[in-house]
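Subject: Structure handover

Hello,

Please find the model below. My notes on what turned up follow it.

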Amino acid sequence: MALLILGLFVFTSCQPQRRADLIILNGPEIETLDPQVLTGQADGRVSGALFEGLSRFDAVTGRGVPGWAERWDVSPNGRSYTFHLRTNATFSTGEPITADDFVWSWRHAADPLTAADYSGFFFYVKGGRELVTGASTNFASLGIRARDRHTVEVDLTNPTPFFIDLCAMRIMAVVPRWTIEKYGDQWVRADPLPCSGAFQLMSWRPNDRIRVRKNPRYWDAATVQLERVDFLSGDSPTTSLNLLLTGEVDVLIERNLIPLELNDVLLKRPDFHTFSYLGTYFIRFNVTRKPFDDVRVRKAISLVLDKRRIVERITRLGERPASALTPPGTGGYNPPPGLGDNASSATNATDYAAARAVNIVEAKRLLAQAGYPDGTGFPSFTYMFNAGGGGGSRTHEQIGVEFQSMLREHLVLQMELRPVEWKTYLSEMSLLNYDIIRGSWIGDYQDPTTFLDCFLGDSGNNRTGWRNPTYDGLLDQAAATPDPKKRFELLRQAETLLTLDEVPIIPVYNYTGLYAFDPQRVGGIHTNLTDEHPIWAMYRKR
Amino acid sequence: MSESKLPQNGPSMVSSISVEAVHLSPNQKTWRRLCANRPALISAAFIALVMLLAIGVPLLSPHDAVHGSDSQFAPPSLAHWFGTDVHGRDVFTRVFAGARISLLVGAVGTVVSLIIGVCWGMIAGYVGGRTDNFMMRFVDILYALPSIVFVIVLITTLEGFVKQWITAISPALAPAGRMMFLFVGLGAVSWLTMARIVRGQVLSLRSRPFVLASQSLGASNRRILFHHILPNVIGIVIVYLTLTVPAIILYESFLSYLGLGIQPPAASLGTLIAEGAAQINPLRVFWWLIVGPGCVLALTLLALNFLGDGLRDAFDPRSS
Amino acid sequence: MNYFLRRLLFMLPLTLVIVTLAFFLVRVAPGGPFDRERKPASPAVERALAEKYHLDESLISQYLRFLGLKWERTPGGSLRRAPGGLVAGDLGLSLKYRNHTVTDIILQGLPVSLTLGFLAFGFALAMGLPLGFYTAVRRGHWGDWIGSLFALLVICIPGFVIGPLLILGFALKAGWFPVGLWGAPLQAVLPMVALGLYFGGRVTRLTREGMTQALQSEYIRTARAKGASELQVLLKHALPTAVMPVVSYSGPMLADLLTGSFVVENIFQIPGIGVFMVNSSLSRDYTMVVGLVMLYAVLLLVLNLLVDLAYSLLDPRVRYE
């Protein structure tokens, strides 16, 4: 009918484009491309391709390696860095990148008026904390200087062994000063957009795709093999799978777009790859609410959780049950055993069963000691979690169901499940309006402090109401310790306090992610703990 | 949907009614016509069966709808007629526990929408004039507001609040909190069409001779409304009742798909289907997770629709 | 004519009321657009973020700003109207997609949703009218049972089941169509069917209703008595009246279709605006929600008006005062 003709007419108005060299399913539509302001991982992937800083993430190790700075010197006390920039460094539009640009970029990011959520990274830089909290407005006091056109000097608050990793963060990237001064907040919509990364922006259709093309002025342009890359945005795991299976997309890189019900089937396929990354799934107690202010109650509930069952039956990606908050191997750190470690580290089924039996007996004893023998008199309470929707995963709900039956079976406790949608979940968690709530943390860099800092007394990410001056003190001490062994020892002491003695959280498992690409057709994607897969390293195999 | 007048029922015909039937009241005639309609009868029987199963199965089943077991994802067998799910729960029991909840949601939601809608429509239609105009404009405004926005705000905002209130009354009722909230919320979203229809009907009845006669005899408005108008409105209301229930049940399944539905571990048919939808993939299908709940839901809704059809035909004096 | 003009004029204040309702309603829900898993670096940063989007102002002030009727003092000291706002045709920046304006996003996604919506509308009519006609004519016989059963089935099975089934059957197993995305004509077929089936079922039922009613009315008997052929009776006399309920349903049906369906756009990954309504409410993207509500309201009101116009043209008995 006439309608069909109309339809076809509108169709032809959609520009037919040449297929990109690589099509990546990036995840939900990104919120912003501005590297200083972004928070989402999907945003970071695209922005990371467009903007770069002093260092960049290595595709294989996920650690910081030279970016626009070709080398650097570190002072003996570890608090001063001198970066030597590459000469004839320019933006994609031709303007030179100088040390002054880095100074300006960092000052702009640390300015609270820029409203950069991640500006907390500047706390590691001298003078950064005062600027970010608004205590000072003297931007010259930020510990970064341009000694000359190609040399940047940075002073740190403490010796920070992972500082080079930090420099690769999106917020530390160099941004075009004159564009921002001209356009303000919406500078990423400027056309042409001066980019400092391996690629430059071609087009951006919200909820559809972002197309980038190779930046010939990138310092490493010679090794970048992709000419055009498309980032697709999508929300539905089953659709993502379909697109992958039919070859419409080449790489599926967003963990949340994998249909988790099919985990065991996907694991067996050659185009799906698992990897461990810096993330831990845990459960928070609201320690300001009775009866969770009693450490015995918390320990009892923690001991009863059968983490192996959850990992084997619900998540099924071969995750490792965790008794510590920090994933083992984070920056060479091995966490101390937490509560229930006998079960988490059991290597075979008999050992595990024995450990479980011991733990359950102990849990019952603790609960009785706390005044609730066999659960009598224990008030009913709720477990809150965010509900997955729109075809998304129901993992949190399934874990909740299992948790509920474990508590009922072993401790005779009545726990209600309360799924809420995402924003309500965040709001209730911040307001401490919950009994027990599901939580997780993904690390930003390969050092245990990215996890342990969350539970400092005044950290906004704490959200359990738990404060322990000894813990805070240990972390402060560790920050000021230059000797790495001693530093790790202090951190282990702090973590023992957190996961063995006080238990305001129950670590459940360390995340394992899944991503998909056909290794016969796509190369240059490696697994690393930071989950960084820079686009410049990827290529198509002929 | 508009102020236009739909073609009204013509004067009643006499030709096709037997001598005996002339002495039956309109309601009795309706009942007869209904009984003659085979699909409607079968549907009514099916719905009765489902209701019976919904009450009986969760009570009598050796398995629990809520507690798991160790046999995960077992296909249908003698022990588990519809197989098991990810937690090892018996799907057959869950389906009928779910049917119970779905029917409850549909029924209560419909009753809520009925009460609000009928009252609103009756008052608007009867009083007429400015009040009618105002009330119907209000309905228009709410109609133009996408219901999903309203529902999301309702659920997220008031749920916590209502829960506290319910727990204060009786802690045992707490898990039912979200459920009750859902009923009321869904009903609150669907009363609009009912109001429109009732108002239309009342408008046409208002100028009928028997109403005018009643008024001239001095009967109070309340008496007229409840004694004369309401019985004549009941017919069309019942028809729409049986059609609103499926609409509400489907909307609840959409909400479950979005993650806003019934609180686990309880589940409605809609929740089960939303979960089972993930099984429609090319790699591995645990078909019993979607076929079981899907069939029960589809058949129940079909039956409700057929019953509604039959009722509508029965209430229409012109159907042969 | 007078009536329609009045309706048209009335649309403006009506839309304003609806938009105002949405404005306040969406801000009532807990949580804000900038709540994230990771807390901002400092309270100063949090404050600055709220200030950027004027979320720190009172609701009334934000509302006035939204309308474009807020006066404020410039740093220079003079009073001037805050830029933007409804009177300037500016719906504001999306609070979630911070580099795009609401108008931007709607203008990008609307053509896609419109195309899909019209296609589905065409499909629904192409399926529903003949099927409804057929089942009404064959009423009480097998053709009626099967046809009605089919129509009812597609109404009773949720869209998020039908969609994946279509994909599994026709795209993955048979390979006739692509599994999703948008841009080529073939990519529109499955979404069109997935979207249109439900409405096709509704149209079938309504047509069947209307035909049955029409066939029993007096003027049909008159036409038959006058000796007109059965086909003539059916097509020339019964069908126009039978189509009335479909016409009046077309208004809300089109409004639903044209603003995009969350389920279909989510499953086929189509870049329309359907997913935005749900996602914006869930992510508390206030400006986006209000913009979309306005779009939907205007669309619905206009379509209702057109439907009433069509109604009055089709049925001479209908009068408006």
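First, a definition for the helix pairs: axes are lines fitted to C-alpha atoms, for helices over the stretch in contact, and angles run from 0 to 180 degrees between N-to-C directions. Helices (H or I, at least four residues) and strands (E, at least two) are DSSP runs, numbered from the N terminus.

Some ground rules. This is a predicted model, in which local features need pLDDT of at least 70 and side-chain atom pairs count only at pLDDT 80 or more, while totals for chains, interfaces and linings use all residues. Residues are numbered from 1 along each chain as its sequence is written, chains are lettered from A and ligands numbered from 1 in the order in which they are written, and side-chain values use heavy atoms, with hydrogens and water left out.

Helix pair in chain B

Helix H3 (residues 91-127) of chain B packs on helix H10 (residues 288-315) of chain B at about 35°, and their axes are 10 Å apart. The crossing of H3(B) past H10(B) is right-handed (near helix turned clockwise from the far one by less than a right angle; anticlockwise is left-handed). H3(B) brings B:Val91, B:Val95, B:Phe96 and B:Leu103 to the contact (heavy atoms within 4.5 Å). H10(B) answers with B:Trp288, B:Leu289, B:Gly292, B:Pro293, B:Val296 and B:Thr300. By class, that makes eight nonpolar, two polar and no charged residues. Here Ala, Val, Leu, Ile, Met, Phe, Trp, Tyr, Cys and Pro count as nonpolar, Asp, Glu, Lys and Arg as charged, and the others, Gly among them, as polar.

Helix pair in chain A

Helix H16 (residues 469-479) of chain A and helix H17 (residues 484-502) of chain A cross at roughly 165°, and their axes come within 9 Å. H16(A) and H17(A) are therefore roughly antiparallel (angles over 145 degrees). The crossing is left-handed. Among the contact residues are A:Leu474 and A:Leu475 of H16(A), and A:Leu490 and A:Leu491 of H17(A). The contact has nine nonpolar, three polar and one charged residues.

Interfaces of chain A

With chain B: 33 residues of chain A touch 34 residues of chain B. The two bury about 2,700 Å², 53% of it on carbon and sulfur atoms. Buried area is the accessible area (1.4 Å probe) that two parts lose on being put together, summed over both. The rule finds two salt bridges across this interface (a side-chain nitrogen of Lys or Arg within 4 Å of a carboxyl oxygen of Asp or Glu). A:Asp264 and B:Arg284 form a salt bridge at 3.0 Å, N to O.

With chain C: 69 residues of chain A are in contact with 57 of chain C. The buried area is about 5,200 Å², with 56% from carbon and sulfur atoms. Seven salt bridges cross this interface. A:Glu421 pairs with C:Arg284 in a salt bridge, closest N and O atoms 2.7 Å apart.

Backbone points in chain A

Most residues other than glycine have a negative phi, and most peptide bonds are trans. The bond from A:Asp191 to A:Pro192 is cis, with omega near 5°. A:Pro192 sits in the loop between helix H6 (177-183) and strand S8 (199-205). A:Lys290 and A:Pro291 are also joined by a cis bond, with omega about -10°. A:Asp531 has a positive phi, near 60°.

Regards

Note on methods:
Angles under 35 degrees count as roughly parallel, over 145 as roughly antiparallel, 65 to 115 as roughly perpendicular and the rest as oblique.
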